[in-house]
Amino acid sequence: MKTISENRAFGGVQGVYSHASEVCGCDMTFGLFLPEEAEHEAVPVIWYLSGLTCTHENAMTKAGAQGWAAENGVALIFPDTSPRGDHVPDDEAFDLGKGAGFYVNATEGKWARHFKMWDYLTEELPHLLFSAYPLDEGRQAIMGHSMGGHGALTIAMSFPGRFRSVSAFAPIANPSASDWGRKQFTAYLGEDEAKWAPHDATLLMKKRGFDGPILIDQGAADQFLDLLKPEALAEAMMASRQNAMVRMQKGYDHSYYFVSSFMEDHIAFHTEALYA
């Protein structure tokens, strides 16, 4: 691994690192915040998955999460949202290609070689991090925003027992029924909608649910509300009797002003589960 930067923050260290990813066939960058407790013992972990157009840096610099994480003695992992590099294919649209990996393993066309974000986040990066840093693999939680909320929910439900809790800010909740989903799934996974189902949080909730608590915050003034479809996921949660809290936050939009406003709540929610 290569150290890009390390800065003291809230008694801990906010680092940025890069490594050669065999899965994605390119160099990948991630952020890692370690609280002061990590100097003496392995600490619990919260993964944060970002949304469309983001890199590892957006949430790291805008979400205001490190202070709350330091207060609760937990680490934060900020992965990138897609493979990067001049040799990695892209698209002119902001919602496909670089910055829009959608947390799936692409199988179609030009995307198939590099766009393996599912395997990267569920296998390669965890193996690297837990072998290199003082992180407690038995105490993990996961959260995300927008496309990252979609990724957090689908990954959490697909790996029972790995994550003690999951939360999301304005997740793409039913991508199989949204233009933010159908477009990307067709490009990355092909036209067979059966292959999309494992990456749709609403469909996964109907099928298996999550073996822990869920917290979802959605801005009522979100300009992308019709694309996110939170009502579909909420209905599936009710039908599944899922242990979950869904909050519609009046006046809030889709931005990091919204995310940072409720970050303290999400860190506290995960901390309770991680230290239970």
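This is a predicted model: local features need pLDDT of at least 70, side-chain atom pairs count only at pLDDT 80 or more; totals for chains, interfaces and linings use all residues.

A: A disulfide is taken to be a pair of cysteine sulfur atoms within 2.5 Å. By that criterion, a search of the whole structure finds 0 disulfides.

Q: How many helices and strands does the chain have?
A: The chain has 9 helices and 9 strands. These are DSSP runs numbered from the N terminus: helices are H or I with at least four residues, strands are E with at least two.

Q: What about the overall dimensions?
A: The C-alpha atoms fill a box of roughly 50 × 45 × 35 Å along the principal axes. For 276 residues, a compact globule would have a radius of gyration near 19 Å, and the 17 Å of this chain agrees with that. The radius is taken over C-alpha atoms, and the globule rule is 2.2 Å times the number of residues to the power 0.38.

Q: What share of the residues is buried?
A: Buried residues make up 58% of the 276 residues. The accessible surface comes to about 11,300 Å², of which 49% belongs to carbon and sulfur atoms; such areas come from the Shrake-Rupley method with a 1.4 Å probe, and for residues only the protein chains shown count as cover.

Q: Turning to the rings, how many aromatic pairs are there?
A: There are 14 aromatic pairs. Rings of Phe, Tyr and Trp (its six-membered ring) pair if their centres lie within 6.5 Å; planes under 30 degrees apart count as stacked, over 60 as edge-to-face and the rest as tilted. One of the pairs is Y17 with F30, a tilted pair at 5.6 Å centre to centre with 40° between the planes.

Q: Which parts does that pair tie together?
A: Y17 lies in strand β2 (residues 12–21) and F30 in strand β3 (residues 26–34), so the pair ties together parts that are 13 residues apart in sequence. Both Y17 and F30 are buried.

Q: What about Y48 and F78?
A: Y48 and F78 also form a tilted pair, 6.1 Å centre to centre and with 50° between the planes. Y48 belongs to strand β4 (residues 43–49) and F78 to strand β5 (residues 75–79), so this pair ties together parts that are 30 residues apart in sequence. Y48 is buried at 2% relative accessibility, and F78 is buried at 1%.

Q: Which rings form a cluster?
A: Ring pairs link F169, Y252, F258 and F262 into a cluster.

Q: Now for A70: which helix is it in?
A: A70 is in helix α2 (residues 65–72), and at 15% relative accessibility A70 counts as buried. Leaving aside neighbours within four places in sequence, A70 is in contact (heavy atoms within 4.5 Å) with F10, F33, P35 and E37. The C-alpha atoms of A70 and P35 are separated by 5.0 Å, although these residues are 35 apart along the chain.

Q: And K183, buried or partly exposed?
A: K183 counts as partly exposed, at 34% relative accessibility. K183 is in helix α5 and, neighbours within four places aside, is in contact with A93, D95 and L96.

Q: Lastly, what is the phi of A170?
A: Phi of A170 is near 45°, a positive value in a residue other than glycine. Most residues other than glycine have a negative phi. A170 lies in the loop between β7 (166–169) and α5 (179–189), and A170 is buried at 0% relative accessibility.

Notes. Residues are numbered from 1 along each chain as its sequence is written. Side-chain values use heavy atoms; hydrogens and water are left out. Buried means under 20% relative accessible area, exposed over 50%, partly exposed in between (1.4 Å probe, protein chains only).
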